Structure formats: structure tokens, C-alpha cells
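Open the structure in your viewer and keep the selection panel at hand.

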Amino acid sequence: MKKKILVIDDDLNIRDYLVSLFNDNGYDAYVAGDVKEGFNVAKKNKPDLITLDIELPGEWGPRFYRQLSQDPELKNIPVIVISGLSGHQYAVVNAVASFTKPFDRDELLKIVKETLI
Amino acid sequence: MSKQILIIDSNKDHAEALKTYIERQQYEVIIAITFDEAWHQLAYLSWDIILADPFLSEDMAACLDSAKKKNPLVQIIIFAQKDKLDAAMDFFESSAIHYLEIPVNSKALDLALIAACKNISLNIKINKYSETLSDLHKAQDLLNKLFEEVPCYISVQDRNFRITASNKLFKQHFGNQIGEFCFEIYKHRTSQCNDCPVAETFEDGKSHSTEEIVTSKFGKQYNVLTRTAPIRNEKGEITQVMEMSTNITEIRQLQDHLVSLGLMLGSMSHGVKGMLTALDGGIYQLETGLSKKDDDRVFKASGQIKQTADKIKKMVLEILFYAKSRELHYKEVNVADLVENVVSTIRSIAKKNKIKLDISIPNNLGKIEVDVNWMEATLVNLLENAVDASVYDRDKKNHCVKFHVSKTSDNQIHFIIKDNGIGMDLETKNKMFTLFFTSKGSQGTGLGLFIAHRVIKYHGGTVDVESEQGKGSQFNIYLPSQKPENLKIDEFPRVIL
């Protein structure tokens, strides 16, 4: 069964990009544009990995991570931060990896693959 | 050094007798018996005292006169027979200091010589004094010139902060206000400023410096760097303080500009990164679409790339606008032409987002004097915002952006830009024209409305906004049709944060 990745980003074009990238490499992808939607989609689909933007409309990415880690069902899902903000690696301390936009596509896929073994 | 005396006398024996007598009193004496001899001695040597028989020759008077001119210090003593003395006096008047009768009375001669010596030393003193005085004048003139021409504002103040002297530049920018209070002239205040460096210098006699913002008599504000120095009287007490202010307005403006530019680049780098990522995404979709021969994907990719390129272009233009505060280039154009360009741009954006447009452009709008590029960009920006506000609104089904232009008087054009989108809350409404404020998250730069507002303001126009959250917003822009005459600034000032 294909592994599931949830992409949380407020930029439609970037969401499309990540979804295509993941689909092309054999993953199923779900999307969310903000924290609330992200949490709902995570609850519903139980993804194996989440990519998280930091600056989001309304509540920001770290808030999502805190909610996630307090949920017994979701707290073990690995998170990869992909953000344009510098210094974001400190925002989500337990993230598997942090990428700064614009990110290196191959590097991201490598980390995703390693994480989802 | 002993005084040198020339005796001019045709009677050689008489002359010799005088010489013998005078030499005893430590004078150096030479005798001239003929006019030629006398002329020669007077022409080539300088004498302290001349003892002369004026009737040696007819030219004697002229000869003595020129000697006096050559050396104004020379003292002339005349001796003559009793019957000729009057004539001699008429002739020489006060240019001789003494008139002696022949035979010369030795006491009278002594007194005459002593008087001559006194005169000489007095004259020398006077000469010295006047030389010193003229040197002093020259020095004072020079100092005064320096004081006047120093390229700073200089004022001298007494203990009450009244200005007692000021230099040229100060007078030029702040007026000739001797006797007025410093704080009044510099800052239009009615009481002493806090942390006044002049007061501190009166207190401790040291030089102090501060940075101040002062207002000239024309109402212009300058940043100045101020330094003070005490002025003391003979007893060493500080009676006045000199304040020297250097105008550093331009440096400060440049600094402010750089700071805000840095701030802007910092705040926008996030947006730029997002756009670059989206561009990467577009390229990826295009490449994979082509290799998979997936037309849908290629089509979608080209749309994304175009959209992102537009965004980057817009942002770069905004940055360029901001980085380069340029002058407005006014041109007279038909309002209809100006508006037509704006409408054609916004029509495509509205169509893409499925927003209806309600446009009203009557025929009677006439001409308007504006900077076409900036005014078009401004109107497009406001209309784009109206479209965005509609797109963001998911509560209503049908959205319409209204763009109505009308002539409200001979010299005013009214633009209405109205949408029924999400509207604004109070905070957004209050902050919308603020630099770097955006309600669009990473999609906005916080520059658009800031610049639009400035463009309108510097055209002498006004903009007011009505907005209700959930209902929509209406922008009313009023522009004068002529370039405003009395508008102080026709250049975009650099932002001071």
C-alpha cells in the first residue's frame, strides 16, 4: 500500500508542486491550506508523513505541531518543515528535517524515502 | 643709539660752533654748507633732526618739505636772523617744531633738541600702536569672516538662552533674531528644551553635544549635530556659550532609507522564497508533464509559471519603486484614456477569477494632469485588491467589482472602487496604508497600498475607505485635474520610519 503524505502550505502552487512530486514518486498526497484544515485531514487520513509550512494564515505551523504531538493517534507522525522563514529549524524542535524554500527536490525526496522505510 | 642731526648753514663757522656744542650732548652731527650738499644728505640718508637756515637757497623750503615727506618722523628746527624769522615762520608754519633766533641761545637750542627727541619717541610709539591696531583689525576681520562663513549654524547665547550673535548660515535659515530665545528660534518652543547642551556647558564649562531636530523659519525640519563651547570673560567666568550645529539631514535621510530598505528586503525575502519555490514547482510540472506527455499537466504548469512570473515581476517593480524614490512626471492625458488602460488590465484579472465588473466611464471626464505610470499602477492595485477581496470571500456566490469614474467639479475627478468581498476589520482598515502591512499572508508584500496611498497623496488627492467585514469595501479617490501648485513636495520623500 502506498504511503500517505500530508502537505500543509498556504500557497496553492507550492501545494500542487509537492503533490505532483510525491505522486510521481509513488506516494499518495493530501493537502491542507491552514492549521485547522491540516488537523482535520490528518485526523481523517492518518498520513505517514507531514510536510509543514511555518507561516500560515491564522495559526502558524508550530501551533499545528503542538496540537499534533498532544494527539495520541497522531503524535508519532514524522514532520518535515518546508518554509521560507529563516531560523525555522528551532520552531519545530522534533522535526525530521527542515528545508528552506526554494528547496532541493532530490534532497527532499531522499529524506522522505529514508523516513518512510 | 644717538640721534643723527644734519646742520644746514651757509655760515661754516657758525655751523661748526653749533656742531661742537651739540656733539657734546651725544648727538651725531653732519654739516651741509651748500644747497647741493644739503640736498645730497637729505636724499641719501635719513635724519632724526634737521637744524636749518631756510634762506640758504630759494629751493630750501621744497627740499625740507620732501625730506619731511620721505621721513615724517624727522624734526625740523629753523634758525634765522631776527628780521627774517617772521618770514620763515610764515613759510614753514607748523612743519618746523622750533624757530631759533641767530645768535642761537644755547638753552633754547637744548630745549628745542629735547622737544625734538621727545616728539620722535612719541611718534615712534604712536606708529607702533597704530600698526598693532591695524593688525588687530585685520585679525578681527579674519575671525569675523571665518565666523560668518563657517558652514554650520553658529549662535552665541547668554545664560537665559538668548541669542547674542549668530553667523550667516544661521541667519539665512533661522532669521536675524538677536535677543530671541534659542528654543524659540530653533524649535518654536516656549520653554527651555530638556537636556540642553548649552545649559550643561554653563554648568560645567565643558563641550557638550546632542543631536536635535530643528525647524527653520521656512518650516523645514533639519537634523543637526550640535556642539557647544564656553566663552569666558577675563576672570575666567563663563558668560556665554557658543553653539555650533552641523546639518546632517541628508545623512539621516539616507540612513533611514537604508534602514527601511533593509527592513523591507528582510520582510519580503519570505515572499520571494515562496515565489521561487512556486516557480520551481511550475518548472517541475512542465518538465514532468512533457516527459509523461501529460497535456493537462503541461497546460496547468504554464499557467502556474505565468502567474508566478507575474507575481515576481510585480514584486520586483514594487521594490524598484521603493528603492528609487523618483520624481513624478506629470503629463496631461484624457481621463478616459487613463481609465481605459486600467480597465483592460483589470478585465483579464476579473475574468480569470470569475468576478463581474460594473464599469461606468462617462464621456465628459476631460483631461487630467498626472504621472500616468504611477496613477495607472495605483488604480490597478486598488482594483486588484477588490478582486482579491472577492476571491477570498467564500460566503457569497456572486461577486462584483464596481469601478465608477465621475467629474465632481471643474477640477476634480472621483474614482469609486467597490467590492462585495470579505471586507476589513478595524485593525486592517487602520493599518492598510502602513508600510509592510498585509492581510494576504505570504501572498502580499505590504507595499501595494502603501505606494498607492503615497501616489494619490503626492498628486494632491485624497482617499477614503468604507468597509464592513463580510460585506465589502469601497474606496473613494478624489484627484485634482491639474497638478497642484502649492503642493510642497513633488518628489517622493524617502520614508522615515
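Two strands pair if DSSP finds at least two bridges between them. Helices (H or I, at least four residues) and strands (E, at least two) are DSSP runs, numbered from the N terminus. This is a predicted model, in which local features need pLDDT of at least 70, side-chain atom pairs count only at pLDDT 80 or more, and totals for chains, interfaces and linings use all residues. Residues are numbered from 1 along each chain as its sequence is written, while chains are lettered from A and ligands numbered from 1 in the order in which they are written.

**Stop 1: the sheet of chain A**

Now widen the selection to β3 (49–52) and β4 (79–83) of chain A, two parallel strands joined by three bridges. They belong to an open sheet of five strands with parallel pairing, in the order β2-β1-β3-β4-β5 (chain A). At its edges are β2 (28–32) and β5 (97–100) of chain A, each of which pairs on one side only. From one strand to the next, the twist averages 20°.

Helix α1 (12–24) of chain A lies across β1 (4–8), β2 and β3 of chain A, at about 165° to β2(A). Helix α3 (61–69) of chain A lies across β1, β3 and β4 of chain A, at about 155° to β3(A). Axes here are lines fitted to C-alpha atoms, for helices over the stretch in contact, and angles run from 0 to 180 degrees between N-to-C directions.

**Stop 2: where the chains meet**

Show both chains. Two residues are in contact if their C-beta atoms, placed from the backbone, lie within 7 Å. By that rule, 16 residues of chain B are in contact with 17 residues of chain A. On the chain B side, α9 (249–291) and α10 (295–323) each supply at least two residues, and the largest share, twelve residues, comes from α9(B).

**Stop 3: two helices of chain B**

Select α2 (35–44) and α3 (60–70) of chain B, whose axes come within 10 Å and cross at roughly 10°. Angles under 35 degrees count as roughly parallel, and α2(B) and α3(B) are therefore roughly parallel to each other. Colour the residues that make the contact: Phe35(B), Ala38(B), Trp39(B) and Leu42(B) from α2(B), with Met60(B), Cys63(B) and Ala67(B) from α3(B).

**Stop 4: the largest core**

A residue is buried if 20 or more other C-beta atoms lie within 10 Å of its own, exposed if 12 or fewer, and partly exposed in between, with C-beta atoms placed from the backbone. A nonpolar core is a set of buried Ala, Val, Leu, Ile, Met, Phe, Trp, Tyr and Cys residues joined through C-beta atoms within 7 Å. The largest has 38 residues, of which Leu382(B), Leu383(B), Ala386(B), Val401(B) and Ile417(B) touch the most other members. Helix α12(B) gives the most to this core, with nine residues. Apart from it lies another core, of 37 residues, among them Ile14(A), Leu21(A), Ala32(A) and Leu52(A).

**Stop 5: a loop residue**

Where is Ile178(B) found? Select the loop between α6 (168–174) and α7 (182–187) of chain B, which holds Ile178(B). Ile178(B) is partly exposed, with 13 other C-beta atoms within 10 Å. Leaving aside neighbours within four places in sequence, Ile178(B) is in contact with Ile163(B) and Thr164(B).

Technical notes. Angles under 35 degrees count as roughly parallel, over 145 as roughly antiparallel, 65 to 115 as roughly perpendicular and the rest as oblique.
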